[in-house]
Amino acid sequence: MTLDAVLVVAAALFAVGVYGALSQQVVVMVMMGLELMNNGVLLAAAAMWWFLAPDPTGQVLLLVVLAAMTVEMAMGFAVATLFHRERGSDMTDMAEDLAG
Amino acid sequence: MSDVGVVEVAAIWAPAAAALLALLAMAAAALDGALAARGSGLPATAGLSAPVNETARLLRQRRRVTVAADSLLWRAGGGGLLVAALLMVVVVPLGRFTLADLPVGVVWFNAMDIVVWAAVWLAGWGPNSAHSLVGGYRFLALALAYELPLMFALTAPAVAAGSLRVGDVAAAQDGGWWYVAQMPVAFLVFCLGVTAFSVWGPFAPPAGTDLAGGVLTELSGVDRLLFLAGRYALLAAGSAFAVPLFLGGGAGPVLPGWLWVLVKTALLLSVFVVVRRRLPALRPDRFAEVGWLVLLPLVLVQVLVVAVIAVGRG
Amino acid sequence: MLADLVFWGLSVVAVVSGASVFRVDSMARATYALAVSFVAVGAALLLMRLDYLGLITVLMMVMEMAVMAVYMVMFMGMNPALMPMSMVHGKRAAVAAAVTVFVVLSGGALLVDWPARRGAPAPDTVAALGEALMGSKMLVMMAISPVMIATMVAGIAVAAPRGRYDRFGDDLRSPAADPQRGGVGR
């Protein structure tokens, strides 16, 4: 379990998340992709903490990342709920108002 | 603080811990059966063999299969309660011995009672049946209301003891008042949380009779046995966890520490079983306001008081 | 040695269940596959002696997945039956982007010359974290609190179907006229 190994696993999780965030049509599935990206970031940050600088300051950074993840999910679902109520749709393709 | 700390035993003792939990769960089921028998006019001793009879009946019964059910999720949900209860008791010290002396034992208990959320919802979703689904949703509605008060009620003893290790919380009550007397609000909210995640008593609407059994509707045979046994096991595990957290651990005059833990667990467990038929069922939509507007502020004030006292003590 | 084996097992579980989120035939399965992925990452954090953070990850993510499943069913209205579902747009571009990201990130991780470890972990990481949070890093926690409160308020403001004037009437007279009365009578 070296730093390189853990970072490669984190990169794999992040890449799967990127695929999900870019390819899914449904808002909730896009958010699942975002969750996977956050998962990868969490694992990478933990690995850097353990292998490079294991003092408590790094753990506080991890807590902040976790808090940011929570905030993002909460606001994402609130917006998805409003979007569904106003337009009766849950597809990202129906939210192209600002494009072009 | 006791001079002899908590001793971690080898994993080979895990089946013994599981057997102990099973024994407590069966005792709770026997007491419930006796009370049910007395309630329907029969002598109380007629209901004492209820757990054995029910186990034998359910093991013989055929497993029900519904149309287009999601079997993987359904069976996982049904068995999840028992798994969560077994994982909960891993951190409870029996006197001086424990299976896992985690530095974050209190958080471990909290994480395992969240697993119950997933298990009950999956048990409601899996069978592709309307009544089960409504039962699963009712459980999530109740859970969103009781979980935050329960988390803060678990925080209060940890703040007072200055540690998240279950052995330290038990040892910090040596020589003073037990935490059940020092922080009664936290203890009451903890007991409420235990009955809630066991889908028991006032929190039984997810498995309610007005829903044809709710989450229990389509369960039959060994799945039903696992779910019902899981409910009793969760009650026993919750009572067992209350002992080091609020009731002083193994402290007591004559008997050895491990026996005191068992006695206290049995007493709290029997209180839970007796209370089942005494309290009305709580409606999930009404309990949401109660949980957030009444319980949460009360328990936050409790944690504040405990924290101020802890700071004052140095 | 055992830690290595456990870590590789957990990584395989995490990545495979993460990938299966987008391949399974039911919304509930997708949600709980993501939950399994998070539990695996939480267990990997426990391996790196991040006890509190690993357990908190497991706790929060299982809770979040339980609620997310409700949202899934609410928006997409699917039943528990398994039916093949694949709603993607621009799949090839997404796969290309994902592969590029993976190659760049892991190439960077393997090629960068990481410095040596600075210091050693405290013997009790949980106590060290607690002291850091309550002591030197208290200001960080205080800065996060209003962010959390703002999120809660903003989320409810965006998502609540009826505002104050819808519930209480124009002169804000209590009690509210809700289709389902609350338990405290507000």
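Chain B is built from 11 helices and 2 strands, where a helix is a DSSP run of H or I with at least four residues, a strand is a run of E with at least two, and both are numbered from the N terminus. This is a predicted model, in which local features need pLDDT of at least 70, side-chain atom pairs count only at pLDDT 80 or more, and totals for chains, interfaces and linings use all residues. Residues are numbered from 1 along each chain as its sequence is written, while chains are lettered from A and ligands numbered from 1 in the order in which they are written.

## Chains B and C

Read from the N terminus on, the elements of chain B follow the order β-α-α-α-β-α-α-α-α-α-α-α-α. Chain C, by contrast, has 7 helices and 0 strands, and its elements run α-α-α-α-α-α-α from the N terminus on.

For the 186 residues of chain C, a compact globule would have a value near 16 Å, but chain C has 23 Å.

The table sets out further values for these chains, including the share of buried residues (those with 20 or more other C-beta atoms, placed from the backbone, within 10 Å of their own; exposed means 12 or fewer, and partly exposed lies in between).

| Chain | Box of C-alpha atoms along the principal axes | Buried residues |
|---|---|---|
| Chain B | roughly 60 × 40 × 40 Å | 52% of 314 residues |
| Chain C | roughly 65 × 50 × 30 Å | 31% of 186 residues |

Contacts within the chains can be described by how far apart the partners lie in sequence, with two residues in contact if their C-beta atoms, placed from the backbone, lie within 7 Å. Among contacts in chain B between residues at least 6 apart in sequence, 79% join residues at least 24 apart; in chain C, 51% of the contacts between residues at least 6 apart join residues at least 24 apart.

## Two helix pairs

Two packed helices are described by the angle between their axes and the distance between the axes. Here the axes are lines fitted to C-alpha atoms, for helices over the stretch in contact, and angles run from 0 to 180 degrees between N-to-C directions.

In chain B, helix α5 (residues 130-161) packs with helix α8 (residues 184-197) at an angle of about 140°, and their axes are 8 Å apart. The helices α5(B) and α8(B) are therefore oblique to each other, given that angles under 35 degrees count as roughly parallel, over 145 as roughly antiparallel, 65 to 115 as roughly perpendicular and the rest as oblique. The crossing of α5(B) past α8(B) is left-handed, a word used if the near helix is turned anticlockwise from the far one by less than a right angle, with right-handed used if clockwise. Among the residues that meet are B:L142, B:Y146 and B:P149 in α5(B) and B:A186, B:V189 and B:F190 in α8(B). By class, this contact has 13 nonpolar, 1 polar and no charged residues, where Ala, Val, Leu, Ile, Met, Phe, Trp, Tyr, Cys and Pro count as nonpolar, Asp, Glu, Lys and Arg as charged, and the others, Gly among them, as polar.

In chain C, the axes of α1(C) and α2(C) come within 8 Å and cross at roughly 155°, and the two helices are therefore roughly antiparallel to each other. Their crossing is left-handed. The residues making this contact include C:A3, C:V6 and C:F7 of α1(C) and C:A33, C:V36 and C:S37 of α2(C), and the contact divides into 13 nonpolar, 4 polar and no charged residues.

## Contacts between chains

Of the 2 pairs of chains that touch, chains A and C have the most contacts between them. That contact takes 65 residues from chain C and 58 residues from chain A. On the side of chain C that touches chain A, α4(C) supplies the largest share, 12 residues, and by class this side has 49 nonpolar, 10 polar and 6 charged residues.

Chain C also touches chain B, with 28 residues of chain C in contact with 28 residues of chain B. Here α2 and α3 of chain C each supply at least two residues of the side of chain C that touches chain B, and α3(C) gives the most, with 12 residues. No contact joins chain A and chain B, whose closest C-alpha atoms lie 15 Å apart.

Methods
Rg over C-alpha atoms; globule rule 2.2 N^0.38 Å.
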